[in-house]
Amino acid sequence: MATKVYIVYYSMYGHVEKLAEEIKKGAASVEGVEAKLWQVPETLSEEVLGKMSAPPKSDVPVITPNDLEEADGFVFGFPTRFGMMSAQFKAFLDATGGLWRTQQLAGKPAGIFYSTGSQGGGQETTALTAITQLVHHGMIFVPIGYTFGAGMFELEQVKGGSPYGAGTYAGDGSRMPSELELAQAFHQGKYIAGITKKLKAAA
């Protein structure tokens with residue numbers, strides 16, 4: 001039976017979605033793993049999104065809290081808002097009270113990825129503050145550490161991400177993830193999928 005890894009994200013301008021797509025490829029590269037992309041529901045109106053010049057959403061399916069039960073592992077992604085996850089993703093997690101009450105997600109591994117506007121914009125705090133959500137559900141946080149190797153020490157070019165997980169810098173919105181950032185995202189997907197597969201086999 002396949003190991004299911006869900007990549008669940010919120011993306012307003014496409015930066016997080018680009019990382020999510022690579023994470024899915026990485027997870028799917030592990031034999032016996034079925035990776036699936038999900039978006040969390042939007043909380044802003046079309047009018048507000050229009051004023052923010054947000055592009056239309058992709059056709060990736062919108063997740064409900066109960067869908068989480070089917071997965072063996074997760075990678076959660078979101079843009080930062082003042083050093084923390086966006087309100088849209090927090091609203092989705094706030095709706096998972098039923099799963100929390102029965103601890104349906106306890107023991108399942110989960111990673112985190114993110115996008116910030118600048119180098120001091122929350123590449124570490126966004127993930128760090130998100131860990132509390134995993135803790136209350138009893139999930140196992142899986143950081144990538146320095147398993148990405150030399151790419152973790154790149155200083156010649158701008159690179160998002162940290163030992164907490166893959167990341168990118170959006171700047172004013174015009175900068176999309178670099179090849180190195182996408183490679184780190186692929187690595188994260190493959191790494192977490194491998195751990196999820198091992199945990200499922202040991203259960």
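# Reading a predicted fold

Me: Leaving aside neighbours within four places in sequence, which residues is Ser-178 in contact with?

Reply: Contact here means heavy atoms within 4.5 Å. By that test, and with neighbours within four places set aside, Ser-178 is in contact with Gln-157 and Val-158. Keep in mind that this is a predicted model.

Me: Where is Ser-178 placed, and is the residue buried or exposed?

Reply: Ser-178 sits in the loop between strand S7 (167-169) and helix H6 (179-202). For burial, use the cut-off: under 20% relative accessible area is buried, over 50% is exposed. Ser-178 has 15%, so this residue is buried.

Me: Let me step back. How many helices and strands does the protein have, and in what order do the elements run?

Reply: There are six helices and seven strands. Read from the N terminus, the order is β-α-β-α-β-β-α-α-β-α-β-β-α.

Me: What percentage of contacts join residues at least 24 apart?

Reply: Start with contacts between residues at least 6 apart in sequence. Of these, 74% join residues at least 24 apart.

Me: How far apart are the mean positions of the positive and negative charges?

Reply: Take the mean position of each set. There are 17 positive and 20 negative charges, and their mean positions are 5 Å apart.

Me: Which residues does the UniProt domain annotation cover?

Reply: The unreviewed UniProt entry carries the annotation "domain: Flavodoxin-like" for residues 5-192. Over that stretch the chain is 32% helix and 19% strand. Its end C-alpha atoms are 9 Å apart.

Me: Now a helix. Which residues of H5 are buried, and what do they pack against?

Reply: List the buried residues, then look at their partners. In H5 (residues 125-137), the buried ones are Thr-126, Ala-127, Ala-130, Ile-131, Gln-133, Leu-134 and His-137. They pack against several elements, including strand S3 (73-81), helix H4 (97-102) and strand S5 (109-116). H5 is followed by Gly-138, whose phi is positive, near 80 degrees.

Me: Why does His-137 count as buried?

Reply: Its relative accessibility is 6%, and the cut-off is under 20%, so His-137 counts as buried. Beyond neighbours within four places in sequence, His-137 is in contact with Thr-96, Leu-99, Trp-100, Gln-103, Leu-105 and Ala-106. Met-152 is another matter. His-137 and Met-152 are 15 residues apart along the chain, and their C-alpha atoms are separated by 30 Å.

Me: One more loop. Where is Ser-86 found, and what does this residue touch?

Reply: Look between S4 and H3; Ser-86 is in that loop. At 0% relative accessibility, Ser-86 counts as buried. Residues up to four places away in sequence aside, Ser-86 touches Tyr-10, Phe-78, Pro-79 and Arg-81.

Me: How far apart in space are Ser-86 and Ser-11?

Reply: Check both distances, along the chain and through space. Ser-86 and Ser-11 are 75 residues apart in sequence, and 9.3 Å apart in space, C-alpha to C-alpha.

Definitions and conventions:
Residues numbered from 1 in each chain as written. Predicted model: local features only at pLDDT ≥ 70, side-chain atom pairs only at ≥ 80, totals over all residues. Heavy atoms only, no water. Helix = DSSP H or I, 4+ residues; strand = E, 2+ residues; numbered from the N terminus. Lys, Arg positive; Asp, Glu negative; His and termini not counted. Charge placed at Lys NZ, Arg CZ, Asp CG, Glu CD. UniProt positions renumbered as here; feature names shortened; annotations may be inferred. Buried < 20%, exposed > 50% of the residue type's maximum accessible area, 1.4 Å probe, protein only.
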